[in-house]
Amino acid sequence: MDHVFDSADPLNERLKKLANYASECAINKVNCSEVLDRAADEAVQIHGGYGYMQEYEVERLYRDARISRIFEGTNEINRLTIAKFLMKEMQQNSGTKPETSLSRNRQFLYLSYQLLNKSLNALIYSNIDIQQEQEYSRLLADIKKGIYVMESVVMRTEKAIQKNGKEKERLKEMMTNVICEEGFRKIKEMTVSVLSGAESDETERKLILEEIHSLPAPLFSDLFIQKREIAEIIADHEKYIV
């Protein structure tokens with residue numbers, strides 16, 4: 001977007017190019033506001049009854065966080081925007097190439113792109129109007145959002161490790177591992193919901209769902225242990241390590 005703003009193109013051309021980023025802006029708005037909302041809600045819960053009192057700062061943070069899902073376009077409207085762009089573009093982008101040397105996280109990412117494409121194809125062939133049946137829009141948008149988050153953290157972590165070394169970026173790598181595995185699990189679950197609704201024939205639905213469950217995903221790990229280790233590192237340093 002900065003390159004578009006700084007270009008010497010006529011204003012109308014720049015506005016057309018900026019429209020290409022509408023989906024990414026919607027994804028960032030939805031994801032960031034909902035992550036903030038969960039964090040603020042958890043902070044109130046940790047404070048107990050004090051979290052609800054104005055004498056404690058967390059009460060104001062909770063109120064401020066709540067409005068983020070409403071202004072600048074409600075998250076429901078932004079999800080419609082994301083889904084509309086997906087259906088309009090119809091890009092069968094498989095994401096990362098299925099090379100045998102893919103890292104564990106990039107395998108999760110590649111398979112997530114496959115699941116997104118299966119969801120898009122199923123909705124197109126079923127002639128479901130996602131503007132009217134908005135449950136599908138929500139699922140499509142959340143699948144795309146999950147992929148966007150996974151891809152972002154994978155790329156940022158890979159660059160950080162390349163620059164600073166694996167040992168210094170151990171926490172980032174651990175958090176990325178959790179985000180990617182957890183993200184794939186959620187995307188798989190949402191894809192099953194989309195395909196179950198889009199395919200009316202029971203025989204075809206059974207075949208499609210069997211194909212989903214047979215995807216060659218990496219073996220799932222114990223996320224509880226990984227999250228505890230992440231929490232212990234952050235607690236020991238009394239802050240998140242940048």
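This is a predicted model: local features need pLDDT of at least 70, side-chain atom pairs count only at pLDDT 80 or more; totals for chains, interfaces and linings use all residues.

What pattern does the protein chain follow, read along the sequence? The pattern is α-α-α-α-α-α-α-α-α-α.

**The whole chain**

Select the protein chain and show the C-alpha trace. Along its principal axes, the trace spans about 55 × 45 × 45 Å. The chain has 242 residues, and 36% of them are buried. Among contacts with a separation of 6 or more, 72% are between residues 24 or more positions apart.

**Helix H5**

Select residues 75-89, which are helix H5. The end C-alpha atoms of H5 are 21 Å apart, which agrees with the 21 Å that its 15 residues should span at 1.5 Å a residue. Now show the side chains. Which residues of H5 are buried? They are Asn75, Asn78, Arg79, Leu80, Ile82, Ala83, Phe85, Leu86 and Met87. These buried residues pack against H3, H6 and H7.

Go to Glu72, in the loop between helix H4 (57-67) and H5. Is Glu72 buried or exposed? Glu72 has a relative accessible area of 68%, so it counts as exposed. Its phi is positive, about 60°, although Glu72 is not a glycine. For comparison, most residues other than glycine have a negative phi.

**The largest nonpolar core**

Select Leu116, Leu123, Ile130, Leu140, Ile147 and Ile187. These have the most contacts inside the largest nonpolar core, which has 35 residues. Helices H5, H6 (104-126), H7, H8 and H9 (202-213) each give two or more residues to this core. The largest share, ten residues, comes from H6.

Centre the view on Leu140. Which residues is Leu140 in contact with, leaving aside its neighbours within four places in sequence? They are Ala83, Leu86, Met87, Leu116, Ser119, Leu120, Leu123 and Ile130.

**Helix H7 and its end**

Select residues 134-164, which are helix H7. H7 has 31 residues and reaches 44 Å from its first C-alpha to its last, close to the 45 Å expected at 1.5 Å a residue. Step past the end of H7 to Gly165, whose phi is positive, near 95°.

**Helix H8**

Select residues 170-198, which are helix H8. Lys172 lies in this helix. With a relative accessible area of 23%, Lys172 is partly exposed. Draw a distance from the C-alpha atom of Lys172 to that of Ile187: the two are 15 residues apart along the chain and separated by 22 Å. Ile187 is one of the residues with the most contacts inside the largest nonpolar core.

**The largest pocket**

Show a surface and find Val35, Arg38, Ile179, Glu182 and Lys186. Of the 30 residues that line the largest pocket, these lie nearest its centre. The pocket holds about 1,100 Å³ of space. Helices H3 (22-47), H7, H8 and H10 (223-237) each give two or more residues to the lining. H3 gives the largest share, nine residues. Colour the lining by class to see 14 nonpolar, five polar and eleven charged residues.

**Helix H10 and the chain after it**

Select Gln226, in helix H10. Is Gln226 buried or exposed? Its relative accessibility is 19%, so Gln226 counts as buried, the cut-off being under 20%. Not counting residues up to four places away in sequence, Gln226 touches Met174, Asn177, Val178, Glu181 and Ser221.

Last, move to Glu238, in the segment after H10. Glu238 has a positive phi of about 60° although it is not a glycine. With a relative accessible area of 74%, Glu238 is exposed.

Terms used:
Residues are numbered from 1 along each chain as its sequence is written. Side-chain values use heavy atoms; hydrogens and water are left out. On a 1 Å grid over the protein atoms alone, a cavity is a set of points where a 1.4 Å probe fits but cannot get out, and a pocket is an open set with protein on both sides within 12 Å along at least five of seven lines; lining residues have an atom within 4 Å of a point. Grid points are joined across faces, edges and corners, and a volume is the space filled by probe spheres set on the points. Helices (H or I, at least four residues) and strands (E, at least two) are DSSP runs, numbered from the N terminus. Ala, Val, Leu, Ile, Met, Phe, Trp, Tyr, Cys and Pro count as nonpolar, Asp, Glu, Lys and Arg as charged, and the others, Gly among them, as polar. A nonpolar core is a set of buried Ala, Val, Leu, Ile, Met, Phe, Trp, Tyr and Cys residues joined through side-chain atoms within 4.5 Å. Buried means under 20% relative accessible area, exposed over 50%, partly exposed in between (1.4 Å probe, protein chains only). Contact means heavy atoms within 4.5 Å. The expected span of a helix is 1.5 Å times one less than its number of residues.
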